[in-house]
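Visitor: I would like to learn how to read the features of a protein model. Could we go through a few of them in turn?

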Amino acid sequence: MKGTDRLRRLAPLAMTVLLALAAGACSGNHPNTTFSPHTELGRDIDALWNRLLLLGTIVFVLVEAALVVVILRYRHVDDDTRPPQTHGSTKLEILWTLIPAIILVFIAIPTVRTIFKTQANSPHGSLNVEVTGHQWWWEFKYPEYGITTANEVYIPTGRTVNFTLRSADVIHSFWTPQLGGKRDVVTNRTNFLWYTPDSAMEASVWNGFCAEYCGTSHANMKFRVFTVKPDQFASWVAGQKRPAVFGATPTPAQPASAASSTPQMMTAAAAEGEGFIFPREKIPEWAVPHAGPPAGVTFTAGLTGNAHRGMEVFSGSACIGCHAIAGNPAAMGTTAPNLTHIASRSSIAAGLYPNTAAYLALWIKNARVMKPGVIMPTLGKDQYDPVLKTTVTTGGLTDQQIADIVAYLSVLK
Ligand code: CUA
């Protein structure tokens, strides 16, 4: 008896603590919440959810109240009288068919209306962005501007963006929690998702995810959406449309052969500027990768790379079979991320690591240790390839060669 009393006294206290914890979870910064939408798509779905939650809560409260009343009223009493027995009640049956039917009408009308609205074709004049899901990264193409980029997508505020969703391999799912989504990216099928980032928004960064299990590195298939002012977007487009240039030359002495082999890359140069790039220092903490380098791959400290030598190594190695760099006629591959403006991106490996020289070097040296399952081969000389289960010998890149490639990629702003 005593124990039950204590339980009875503790129950309200436990309830209060639970409620406080639940309420506490609602405050603070939740960058990946779907409850603070910044587009009409997000708001439509949020409004529908709120309505269904309200209706569901009303039904829940009424049903539970009826249940409690019945339990208390008809609980067991210590006498032998048999309660009245009934069989069937037309009135009741009509009632409990009719009430749910009416409730369903109230749920169905706004649901169907929202489905039709969000599944309709995007408004005329939308910005078309072709999204291709790859194992395990995102490709973004702007057919209007002839731009191809990876894992970081820029869209202007106030203009509807229409994402065309396709897959290069298995099923993925495109999800930008605070902007809208998610929608499956299905093999041999084209899906669409469109929304308009609020025009009153400051330039902002949003997290994007793959939301459909697609293999070993499904969790490492992230992307960032940069919503920027229309003039910033125009400037970014202008920068991205340019072929790769040596905007800044890291070393004064340049081998004559490199200079003569790519004259257009040398002359286009920095005069035009790089175009708008979202300032790295303004990217919030939650949109910056925090994974440290894994054990099993290290890089010689203090090596200085030469960008022109790096371009020669890059152009003469396996890199060009998969990667494209506009302006470098040797690099035309299309199966891996386009590297034309890789230095303008804040992260590499689909949001897994920050885009710094140190991480790039480790990545080139042994991507398969850096990201489980990645298709990019292990390239570093004497590195162990965990997929082929062999050590790279002939044709492997030395740390100096990798440092040179990193220097080359680092000027591709
Ligand atoms: Cu792509 Cu999960």
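Visitor: How are α8 and α9 oriented to each other?

Guide: Note that this is a predicted model. Two packed helices are described by the angle between their axes and by the distance between those axes. Here the axes of helix α8 (residues 357-370) and helix α9 (residues 399-410) come within 9 Å and cross at roughly 125 degrees. An angle over 145 degrees would count as roughly antiparallel and one of 65 to 115 as roughly perpendicular; α8 and α9 are therefore oblique to each other. Their crossing is right-handed.

Visitor: Which residues make the contact of α8 with α9?

Guide: From α8 come Ala-357, Leu-360, Ala-361, Ile-364 and Lys-365, and from α9 come Asp-399, Ile-402, Ile-405, Val-406 and Leu-409. By class, that contact has 8 nonpolar residues, no polar ones and 2 charged ones.

Visitor: What is the angle between α2 and α3?

Guide: Helix α2 (residues 40-73) and helix α3 (residues 90-119) pack at about 170 degrees, and their axes are 10 Å apart. That angle makes α2 roughly antiparallel to α3.

Visitor: Now a sheet. In what order do the strands of the open sheet lie?

Guide: Strands of a sheet pair through backbone hydrogen bonds, either parallel or antiparallel. This open sheet has 5 strands in the order β4-β10-β9-β6-β7, and its pairing is mixed. At the edges stand β4 (152-156) and β7 (180-185); each has a single partner strand, so one side of each is left without a neighbour in the sheet. Neighbouring strands are turned by 20 degrees against each other on average, with direction ignored.

Visitor: In which sense do β9 and β10 pair, parallel or antiparallel?

Guide: Strand β9 (residues 204-210) pairs with strand β10 (residues 223-228) in the antiparallel sense, over 5 bridges. As one example, Gly-208 has Phe-223 in β10 as its bridge partner.

Visitor: Last, a single residue. Is Ile-283 buried or exposed?

Guide: The cut-off for buried is under 20% relative accessible area. Ile-283 has 9%, so it is buried. Ile-283 is found in the loop between α6 (263-268) and α7 (307-315).

Visitor: What does Ile-283 touch?

Guide: Leaving out residues up to four places away in sequence, Ile-283 touches Val-205, Phe-226, Phe-278, Val-288 and Ser-346.

Definitions and conventions:
Residues are numbered from 1 along each chain as its sequence is written. This is a predicted model: local features need pLDDT of at least 70, side-chain atom pairs count only at pLDDT 80 or more; totals for chains, interfaces and linings use all residues. Side-chain values use heavy atoms; hydrogens and water are left out. Helices (H or I, at least four residues) and strands (E, at least two) are DSSP runs, numbered from the N terminus. Buried means under 20% relative accessible area, exposed over 50%, partly exposed in between (1.4 Å probe, protein chains only). Contact means heavy atoms within 4.5 Å. Two strands pair if DSSP finds at least two bridges between them. Axes are lines fitted to C-alpha atoms, for helices over the stretch in contact, and angles run from 0 to 180 degrees between N-to-C directions. Angles under 35 degrees count as roughly parallel, over 145 as roughly antiparallel, 65 to 115 as roughly perpendicular and the rest as oblique. A crossing is left-handed if the near helix is turned anticlockwise from the far one by less than a right angle, and right-handed if clockwise. Ala, Val, Leu, Ile, Met, Phe, Trp, Tyr, Cys and Pro count as nonpolar, Asp, Glu, Lys and Arg as charged, and the others, Gly among them, as polar.
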